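Hi,

Here is the structure I promised to pass on. Have a look first, and my notes follow below.

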Amino acid sequence: MKRFKTIWTICFTWALVSFSIYALMDTFVISRVVAVVDEKPPMTASIAAKGDAKFASDVSEHGEKPTDSAGNAQTQDASITDTTYSDDHITITLSTLEKNDTTVHVADVVVDDPAYLKTAFADHAYGKNVTAKTSETADAVNAILAINGDYYGARESGYVIKEGQVYRDEPVAGQEDLVIYEDGSFGVINESEVSAVDLVAEGVVNLLSFGPALVKDGAVAVSLNAEVAKSMTSNPRTAIGIISEGHYVFVVSDGRTDESEGLSLYELADIMCDLGCETAYNLDGGGSSTMVFNGAIVNVPTGGGHGSRSGERSVSDIVYIGY
């Protein structure tokens with residue numbers, strides 16, 4: 001009898017440990033693809049109608065920018081330096097600020113069509129634990145400029161709308177989202193007040209569900225002590241803002257290194273306000289914070305492991321500028 005109890009105890013313990021390990025892996029490791037997104041979506045009609053006949057035809061037919069003999073993505077008459085990009089439709093200028101003992105990377109973006117502001121899933125797929133480094137996803141979609149997105153895959157609920165498609169319509173009470181309309185304008189909504197399906201019907205093409213909103217109507221929208229969940233006060237941060245029609249800013253701050261302390265939400269909001277944003281929104285930060293420009297990582301990501309300068313973290317999605 002005693003031997004039987006010992007065997008039963010061992011079996012029960014083994015089963016419990018196995019279930020716990022599986023549950024952890026299912027939550028954080030095992031990937032499940034729910035929907036595959038077109039790898040190379042066709043160019044939008046508004047861009048194709050701009051008169052760039054050969055360039056637009058190449059993108060519409062092949063779903064990507066034409067390349068030179070070395071395989072490098074090209075745009076017509078693009079002027080590119082380490083900190084600038086300019087063609088007939090997109091202008092990007094990178095700069096850095098030193099605020100609160102922190103290096104802040106700012107990408108000033110002007111486009112003549114809002115369709116150049118896009119989002120993309122890691123591995124071209126929506127699902128659970130489907131992730132890739134920001135630089136990898138940026139490369140896969142030929143992004144000129146990219147930042148990490150809202151990391152929808154780290155949560156079981158909350159709206160997911162990408163490129164006009166609803167992928168998840170499970171609201172989180174009180175969750176504040178940034179919505180990007182077809183005309184390129186920004187808005188801030190509460191998931192408790194409207195469905196994802198209704199948002200798309202109202203013209204929303206992309207939604208970012210992290211938050212909070214940093215700037216509303218040109219004024220700081222967070223309190224001095226505001227923070228995301230249990231995050232530390234000073235963190236690497238990622239944010240996006242709109243200054244005026246077709247004029248955006250992508251911002252990533254360094255943090256958790258000897259050179260850069262990091263920012264509080266209020267400090268980030270203050271910077272976005274100083275940059276002239278009418279609306280600005282906080283994206284996934286910490287180890288996820290990454291900016292990529294013309295294939296090069298701009299900031300100092302700290303999500304690749306222990307210690308500073310530890311590399312990129314794999315995330316679910318990006319926000320980017322590209323064709």
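**What I found**

Leaving aside residues up to four places away in sequence, Ile90 touches Tyr85, Val110, Val111, Tyr116, Ile144, Ile321 and Tyr323 (contact means heavy atoms within 4.5 Å). Bear in mind that this is a predicted model: local features need pLDDT of at least 70, side-chain atom pairs count only at pLDDT 80 or more, and totals for chains, interfaces and linings use all residues. Residues are numbered from 1 along each chain as its sequence is written, and side-chain values use heavy atoms, with hydrogens and water left out.

Ile90 also belongs to the largest nonpolar core, which has 29 residues; Ile92, Leu117, Leu145, Ile240, Phe250 and Ile321 join Ile90 as those with the most contacts inside that core. A second, separate core has 17 residues, including Val215, Ala239, Leu263 and Ala280. (A nonpolar core is a set of buried Ala, Val, Leu, Ile, Met, Phe, Trp, Tyr and Cys residues joined through side-chain atoms within 4.5 Å; buried means under 20% relative accessible area, exposed over 50%, partly exposed in between, with a 1.4 Å probe and protein chains only.)

Now the cysteines. There are zero disulfides here (a disulfide is a pair of cysteine sulfur atoms within 2.5 Å). Cys273 is partly exposed at 23% relative accessible area, while Cys277 is buried at 1%.

Finally, helix H6 (residues 265-274) has Leu265, Leu268, Ala269, Ile271 and Met272 buried; helices are DSSP runs of H or I, at least four residues, and strands are runs of E, at least two, numbered from the N terminus.

Cheers
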